[in-house]
Amino acid sequence: MIKVEIPLEDQDPIIIETGHYAKLADGSVVVKQGDTAVLVTAVMSDSPATGVDFVPLTVDYREQASAWGKIPGGFIKREGKPTDREVLVSRVIDRPIRPLFPEGFFHDVVVTALTLSADDKYDPDVLAITGASAALHISRIPFDGPIAGLRVCRVDGNFLVNPTYEQRQKADLELIVAVSEDSIVMVEGGGKEVPEEVLLQALYYALEKGKPIIEAQRKLREQAGVEKASFEPIDLPEDIQKALEEFCTPRILECFAIQDKRQRKDALAKVLEEFLQYQGIQDESLKFKVQYAYKKLNSKLLRKKVLDEGVRIDGRGPKDIRPITIEVHPFERPHGSAIFTRGQTQAFATVTLGSPEEAQLVESIYEGEVAKRFMLHYNFPPFSTGEARPWGPPRRREIGHGSLAERALEPLIPPEEEFPYIIRIVSNILESNGSTSMATVCAGSLALFDAGVPMKKHVAGIAMGLIMDGERYVILSDILGDEDQLGDMDFKVAGTRDGITSVQMDIKIKGLKKEIMAQALEQAKEGRLYILQKMYEAIPEPRKEVSPYAPKIEIITVPEDKALLIIGPGGKNVREIREKIGASVWVHEGGRVSITAQTREAIEEAKKIIKSLIAEIEVGKVYEGKITRVEPYGVFVEILPGKVGLLHVSKMEGNVKDVKARFSVGDTIRAMVIEIDELGRPKLSTIGIDQSEQTKPA
């Protein structure tokens, strides 16, 4: 076994080992911190994939409950499809390593990360990023690394690297950052309205702290690395390349003047088809090379147009935001809804308010099973891009975009004590031409205001891009889908007027200067403030009341030692309340009881029942109860729910000769508690008690 160790300030060191496990993989390492350990492997196919013009990379991150000494929940008791958490971690591993494979490399590469051990201090996710880099770096797989993955949090004004779970709870900024030796490669995280300058400081703090992790991987390769495999990049014959540029360049520039995304796409496809026909190219292998070269030519011309003329593919300037239209409450039945349209990107968001028992139960390494009260689900139906294919289950991209938007809005969600509802946002993308996750943030914020959720501020998001050539660069606000694919940066920033709540960034170039990053953040802030102004004009504050179609919820507090009386044996009491008046009662820790119903009247009725369930019987007080049993010597009366007392014949008003002739089960009777015996059972009397309202059962 070969290992390297990286010391960290105030934390356990990171250890990378190789040569002991999974030795048949092209690259295999175990990365440890504390008692957390992740096995990461990398495997490459011997032959390149056919018909693809991108790296066919697959990343799978898996957590098994056994790693932290648990048995999975549910009936099956084994892990199934990847959880959302596993999908999100797979994405943060994938995104920084994908741009680091060389141009024209099309072999299948599979990176697998398996958590072997998980303690209650260190999260395995960032260790898996470093592990993926190390496994690729020491292997035969061509890879322009290494990189380091680390988590940076700000706690009490100080930055921490790879903090513990406990420290993270106190952070106002939390980022997962992947860095190369001289560049930030990927960022994923959020904060509690942190200023732009704080985010910038955190990123470059991560860049500095990542250097020892990168150096350790270089040492590991010196001891355990193998020779890199060779591959054949795509090479178009020089004469065809020249003909392609001469024939297509003017036509591509004409297509760039087309504003509509679909029309522009069709026009560009037609230019390629005309060139293939003009050249008489029939061979599939050559045709593929031409298609690849054509795609590169598109990128080159788009970038040149922006750099030379400052004009983008849709005619906008670098800072211009596409036209925005907002519809608030377009449909009646959702508890809150909004449609946010920015250019040809359109998001329809709905808000549904639910009762506490509708919270999502999530298993986590550190906290175990926790109830999640705010959820955002993002859907990307094929019709949003004009594709004719079925709408399947959520893909990794949808889960990732939903998480990004959820993280942006969550810091502004009011606490449960202030607003006891479970909140679910669903965003359906109706049109897609870039920045759909940021449109989801905007639509979600508008829908929350419409639903009457007492948010203190609106949250908006914007996607930034970068075109860079040497020392020349242009930062682009509100990028299109084409600008995302063909540019050098995809930088999504969401927040309020006062700071950033969520950020996601992918960089495709090396050595991004700090001043460029600062300018991008400042330009993003300008764009965000412009969008926020439009949102405040549409709905300036949350509605004062929730939708009439939303359930009503009230939380009351009872003595904690009496909470079980409300539930009843086997849940009998809460079940009867639901069946009788249609109200759901949920008992929380600390004596907090939530009541959910469709009407205010039902809530008030449930409150009366709850108060009676926990009420203490008082000697000398008159109660109205229902007769539950009749015996020759007296009747049993339920004076409070579950509390029955005996009214002996000797304590009945008048001379009662035949108890069964006088009383029946179900009669209502008023009686005074005259005594409570040693077993806590009340004894009753009706002597001198007015029975004018006594009723017989129906």
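In strand E12, Thr 341 is the bridge partner of Thr 325. Helices (H or I, at least four residues) and strands (E, at least two) are DSSP runs numbered from the N terminus, and two strands are taken to pair if DSSP finds at least two bridges between them. The model is predicted, so that local features require pLDDT of at least 70 and side-chain atom pairs count only at pLDDT 80 or more, whereas totals for chains, interfaces and linings use all residues. Residues are numbered from 1 along each chain as its sequence is written, and side-chain values use heavy atoms, with hydrogens and water left out.

Strand E12 (residues 336–342) is joined on one hand to strand E11 (residues 324–328) by five bridges, the two running antiparallel. Seven bridges join E12 to strand E13 (residues 345–354), again in the antiparallel sense, and Thr 345 in E13 is the bridge partner of Arg 342. The hairpin of E12 and E13 has two residues between the strands, and Gly 343 there takes a positive phi near 60°. Seven of the seven residues of E12 are buried, where buried denotes under 20% relative accessible area, exposed over 50%, and partly exposed the range in between (1.4 Å probe, protein chains only). Gly 336, Ala 338, Phe 340 and Arg 342 point one way from E12, while Ser 337, Ile 339 and Thr 341 point the other way, and all are buried.

A further hairpin is formed by strands E18 and E19, with two residues between them and a positive phi of about 65° at Gly 470 in the turn. Strand E18 (residues 460–469) pairs with strand E19 (residues 472–477) in the antiparallel sense over six bridges, and Met 468 stands opposite Tyr 473 in E19.

For the protein chain as a whole, the secondary structure comprises 15 helices and 29 strands. The C-alpha trace spans about 120 × 60 × 50 Å along its principal axes. Of the 698 residues in the chain, 53% are buried. Among contacts (heavy atoms within 4.5 Å) with a separation of 6 or more, 69% are between residues 24 or more positions apart. The domain assignment gives domain 1 (2–224), domain 2 (238–309), domain 3 (324–538), domain 4 (552–614) and domain 5 (621–685); such bounds come from an automatic or database domain assignment. The centres of domain 2 and domain 4, taken over C-alpha atoms, are separated by 68 Å.

The largest nonpolar core contains 161 residues, and those with the most contacts inside it are Ile 93, Val 111 and Phe 491. Helix H4 (residues 196–224) gives the most to this core, with 12 residues. A nonpolar core is a set of buried Ala, Val, Leu, Ile, Met, Phe, Trp, Tyr and Cys residues joined through side-chain atoms within 4.5 Å. When residues up to four places away in sequence are not counted, Phe 491 touches Ile 462, Ala 463, Met 464, Val 503, Gln 504, Met 505, Met 517, Ala 520 and Leu 521.

Leu 200 lies in helix H4 and counts as buried because its relative accessibility is 11%. Apart from neighbours within four places in sequence, Leu 200 is in contact with Lys 514, Met 517, Ala 518 and Leu 521. Leu 200 and Met 517 are 317 residues apart in sequence, yet their C-alpha atoms are 7.5 Å apart in space.

Ser 594 is located in strand E24 (residues 592–597) and is buried, with a relative accessible area of 0%. Its side chain makes a polar contact with the side chain of His 588 at 3.2 Å. A polar contact is a pair of N or O atoms within 3.5 Å; within protein, one must be able to donate a hydrogen and the other to accept it, and residues adjacent in sequence count only if both atoms are side-chain atoms. Beyond four places in sequence, the contacts of Ser 594 are Pro 356, Glu 554, Ile 555, Ser 584, Val 585, Trp 586 and His 588.

Two helices were examined for their span, for which the expected value is 1.5 Å times one less than the number of residues. The end C-alpha atoms of helix H7 (residues 284–309) are 37 Å apart, in agreement with the 38 Å that its 26 residues should span. At the start of H7, a side-chain oxygen of Asp 283 reaches to within 3.2 Å of the backbone nitrogen of Ser 285. Gly 310, with a positive phi near 70°, follows H7. Helix H14 (residues 600–614) has 15 residues and reaches 21 Å between its first and last C-alpha atoms, close to the expected 21 Å. The buried residues of H14 include Ala 602, Ile 603, Ala 606, Lys 607 and Ile 609.
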